[in-house]
Each structure stands twice: as structure tokens, then as C-alpha cells.
Amino acid sequence: MAANRRTFTDVQGTVLSAHKESTTEDKMSFYDSWSELYEQDVMILDYRAPVLAAESLAAVIHENRDKVLVLDVACGTGLVAKQLQRFGFHNFHGVDGSEGMLELARCKSIYQTLQKCMLDSELLPASSDSYDAVVIVGALSGGQVPPAILPELHRVTKTGGFVCMTTRNNTSNRLYKKQLQAVIEEMEQNRLWERVTVQEIEHWEKATTEAEQGSTYISGIIYLYRKLRSYD
């Protein structure tokens with residue numbers, strides 16, 4: 001029997017829960033329980049970040065995409081890798097803190113490796129200078145993965161490789177965005193990476209909180225940086 005169709009109100013409540021502050025264990029339990037409904041819910045939200053991030057990366061990597069090794073951080077059920085496949089990328093490693101999400105990603109048979117990692121407290125399970133591109137889409141926001149992960153994203157990227165990051169630009173995420181941009185800019189000033197593009201997207205996903213009800217959609221940002229050097 002087909003599952004009951006979710007409504008926008010259902011999804012609204014779930015999304016608000018996703019951004020609440022909680023312990024790591026409670027957060028992962030939440031995502032495990034959400035995993036089966038996740039892809040249906042993001043379709044209802046018209047969540048465009050995976051498509052937009054894939055387009056952004058494809059715009060700067062034109063040749064030998066089938067040989068590019070991509071690390072998908074907070075990979076969830078595999079939506080970003082699925083979009084990157086459309087552009088000819090085929091080599092993916094994924095990490096996420098939710099076993100439920102990872103199990104659904106495994107079912108897509110997209111990733112060569114998938115590993116569980118608590119992104120708010122553990123180092124990424126990868127050697128330095130391993131990846132041609134690192135992507136983190138949807139997880140850099142309040143109540144989720146802290147900006148302190150950025151040096152780790154940089155560490156595992158090869159010199160000359162790309163780091164693609166996204167965040168939401170809605171009212172409730174303004175403080176987090178400010179903190180995130182401070183880390184990005186400090187690393188840029190220290191010549192650890194250089195800006196390739198920073199793209200503001202007006203229609204990121206449908207608005208879910210009362211503070212955003214004057215607009216149908218919230219906006220978001222894609223940051224694309226190229227690694228210049230490793231830390232001393």
C-alpha cells in the first residue's frame with residue numbers, strides 16, 4: 001500500500017525540528033527517523049540546492065569529470081551525487097552522521113565508499129590532499145554542522161581542488177551565516193584558498209517559518225573556493 005502523501009504543513013514541522021539545537025545523539029536519531037521521508041519532503045519544499053551546487057561545480061570542472069574524485073560531506077541520501085552524475089562525475093566518497101541516511105545512499109549504488117562520521121566533533125575520515133572536489137550541501141546552518149568544519153574540508157582537498165559549500169540566507173540563519181563567512185574570509189586572507197564564485201540564489205527552498213511568510217521562498221548562497229595551499 002502506498003504511503004500517505006505528505007503535506008507542506010507536515011514538512012514545515014519537520015524542517016523546524018531539524019534546525020533546533022540538540023545533542024549529537026538526538027540529532028542523528030532525528031535524521032535516522034526522517035530518512036525514509038526525506039526525499040519526498042525536499043521535493044515538497046522545492047529544495048534546489050543539490051541541483052545548483054552540482055551546476056556550480058560543473059561550471060569550473062570541464063575536462064575528465066569521470067576521473068574527478070569527489071567527497072560528499074553530509075551526503076544524506078545522495079541527492080548531490082545523483083545530480084553530479086548528470087554532468088559526468090562518477091567517483092564519489094560520502095560521509096554522514098546518520099546511518100539511516102547512509103543506508104538509503106547505499107541503495108543508489110552511486111558511491112564507492114560511504115562512512116559514518118559525526119561532523120560536529122570528528123575529523124573527516126580521509127587523508128590530507130585526497131580529493132579533487134569536496135562538497136557540503138544543506139548541512140552548514142544553525143543547529144547542524146558548525147563552521148569549525150571548514151578547515152577539515154580544506155585539509156582533505158588537493159591543492160588546486162575545489163570546495164563547494166552552501167548555506168541558507170533566511171532570517172533564522174543570519175547569525176550562523178555571519179559566523180560561517182567569518183571563517184571563510186579568514187581562510188581567504190591567510191591564502192589557504194581563493195574565491196572562485198559566491199552566488200546568491202533567490203529561490204532556494206520554500207519558506208517554512210512565520211518570519212518568512214511574506215515570501216514564498218527563502219534565498220541561499222553557494223560558495224565555491226579553490227585550495228591554494230595546505231596549513232603550515
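Student: Why is Asp-132 called partly exposed?
Tutor: Asp-132 has 21% relative accessibility. Buried means under 20% relative accessible area, exposed over 50%, and partly exposed in between (1.4 Å probe, protein chains only). Asp-132 therefore counts as partly exposed.

Student: What kind of model is this?
Tutor: It is a predicted model, where local features need pLDDT of at least 70 and side-chain atom pairs count only at pLDDT 80 or more, while totals for chains, interfaces and linings use all residues. Residues are numbered from 1 along each chain as its sequence is written, and side-chain values use heavy atoms, leaving out hydrogens and water.

Student: What makes Asp-132 and Lys-158 a salt bridge?
Tutor: Their closest N and O atoms are 3.2 Å apart. The rule asks for a side-chain nitrogen of Lys or Arg within 4 Å of a carboxyl oxygen of Asp or Glu, so the pair qualifies. Asp-132 sits in strand 4 and Lys-158 in strand 5, so the contact ties together parts 26 residues apart in sequence. Helices (H or I, at least four residues) and strands (E, at least two) are DSSP runs, numbered from the N terminus. Lys-158 has a relative accessible area of 33%, so Lys-158 is partly exposed.

Student: How many salt bridges does this rule give?
Tutor: The count is 9. One of them joins Asp-41 and Arg-6, at 2.7 Å from N to O. That pair links distant parts of the chain: Asp-41 is in helix 2, and Arg-6 is in the segment before helix 1 (8-18), 35 residues apart.

Student: Are Asp-41 and Arg-6 buried or exposed?
Tutor: Asp-41 has 0% relative accessibility, so Asp-41 counts as buried. Arg-6 has 18%, so Arg-6 counts as buried.

Student: How do you know that Arg-226 and Glu-194 form a salt bridge?
Tutor: Their side chains meet at 2.8 Å, N to O. Arg-226 belongs to strand 7 and Glu-194 to strand 6, 32 residues apart. Arg-226 is partly exposed, at 27%. Glu-194 is partly exposed, at 25%.

Student: What makes Glu-99, Glu-103 and Arg-106 one network?
Tutor: Salt bridges that share partners join these residues.

Student: Which way does strand 7 run against strand 5 and strand 6?
Tutor: Strand 5 and strand 7 run antiparallel, joined by 7 bridges. Strand 6 (residues 193-206) and strand 7 run antiparallel, joined by 10 bridges.

Student: What makes the phi of Asp-129 worth a look?
Tutor: Most residues other than glycine have a negative phi. Asp-129 has a positive value, near 55°. Asp-129 lies in the loop between strand 3 (113-116) and strand 4. The phi of Asn-64 is positive, near 50°.

Technical notes:
Pairing = 2+ DSSP bridges.
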